[in-house]
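Hi everyone, thanks for coming.

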Amino acid sequence: MPKTVDREEQRRQIGAALLRLVAERGLDEVSVRTVAAATGRSPGAVQKYFRTKDEMLTFAAELAGERVERRMAEVDTTLPLRQALRDLILTTLPLDAERRAEATAQLAFAVHAAHHPRLAVIRRQVDQDIGEALATWLESAGHEAQAAAVADAVIALSDGLALRMLYSPQEHEHLLTVLDQALLTLIPGHETAPHLRE
């Protein structure tokens with residue numbers, strides 16, 4: 001009896017290999033051939049799932065967005081507002097090997113999206129989905145005032161910190177302090193930022 005192939009799982013394996021390749025060698029090194037080699041497949045086998053490089057990039061960008069959203073969903077949002085928001089941002093920052101690889105790939109996709117409308121659409125959709133979820137959560141946590149604007153600011157803060165941590169890993173501790181100060185500004189009140197507790 002022929003072996004059943006889980007098409008979606010195969011696509012996800014190829015997408016994950018592409019993300020690793022981007023993180024290790026940069027987007028310029030990505031091709032059907034290099035991704036095939038990274039997965040132990042022939043180029044023809046990869047093209048059964050993705051006809052072109054752009055199809056692979058589109059899928060991998062969606063996969064990267066899914067991973068971030070999954071980590072964010074695991075954050076305990078019943079914590080005090082600023083602490084929970086800090087934990088949400090930490091899920092996106094390159095503080096370990098896995099998140100560093102993903103942040104490197106995300107940055108490469110963002111630059112690529114400036115010239116590739118299909119990828120730009122995906123990037124905007126991920127930002128919109130995360131922004132809407134953040135705004136809804138902020139409202140439910142009692143921070144109704146300008147929840148959408150705060151959510152957008154949080155996304156921009158996360159993106160900026162991730163970028164700086166990629167090229168200045170020695171500044172991680174300083175940048176986490178910057179994060180705490182920014183959150184004190186965005187979410188004013190008497191709650192103590194977790195990183196600044198005595």
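Let's start with Phe 50 and Phe 59: both are buried, where buried means under 20% relative accessible area, exposed over 50% and partly exposed in between, using a 1.4 Å probe and protein chains only. Before I go on, this is a predicted model, so local features need pLDDT of at least 70 and side-chain atom pairs pLDDT 80 or more, while totals for chains, interfaces and linings use all residues. Residues are numbered from 1 along each chain as its sequence is written, and side-chain values use heavy atoms, leaving out hydrogens and water.

Back to our rings. Searching the whole structure turns up one aromatic pair. The ring centres of Phe 50 and Phe 59 are 5.4 Å apart with planes at 55 degrees, so we call the pair tilted. For the cut-offs, Phe, Tyr and Trp rings (six-membered ring for Trp) pair with centres within 6.5 Å; planes under 30 degrees apart are stacked, over 60 edge-to-face, the rest tilted. Phe 59 also has the charged end of Arg 11 over its ring, 4.7 Å from the centre; that takes NZ of Lys or CZ of Arg within 6 Å of the ring centre and within 35 degrees of the ring normal.

Now Leu 21. Is it buried or exposed? Leu 21 is buried, at 4% relative accessible area. Skipping neighbours within four places in sequence, Leu 21 contacts Gly 26, Glu 29, Val 30, Thr 34 and Val 35, contact being heavy atoms within 4.5 Å. Leu 21 and Val 35 are 14 residues apart along the chain, and their C-alpha atoms are 7.4 Å apart.
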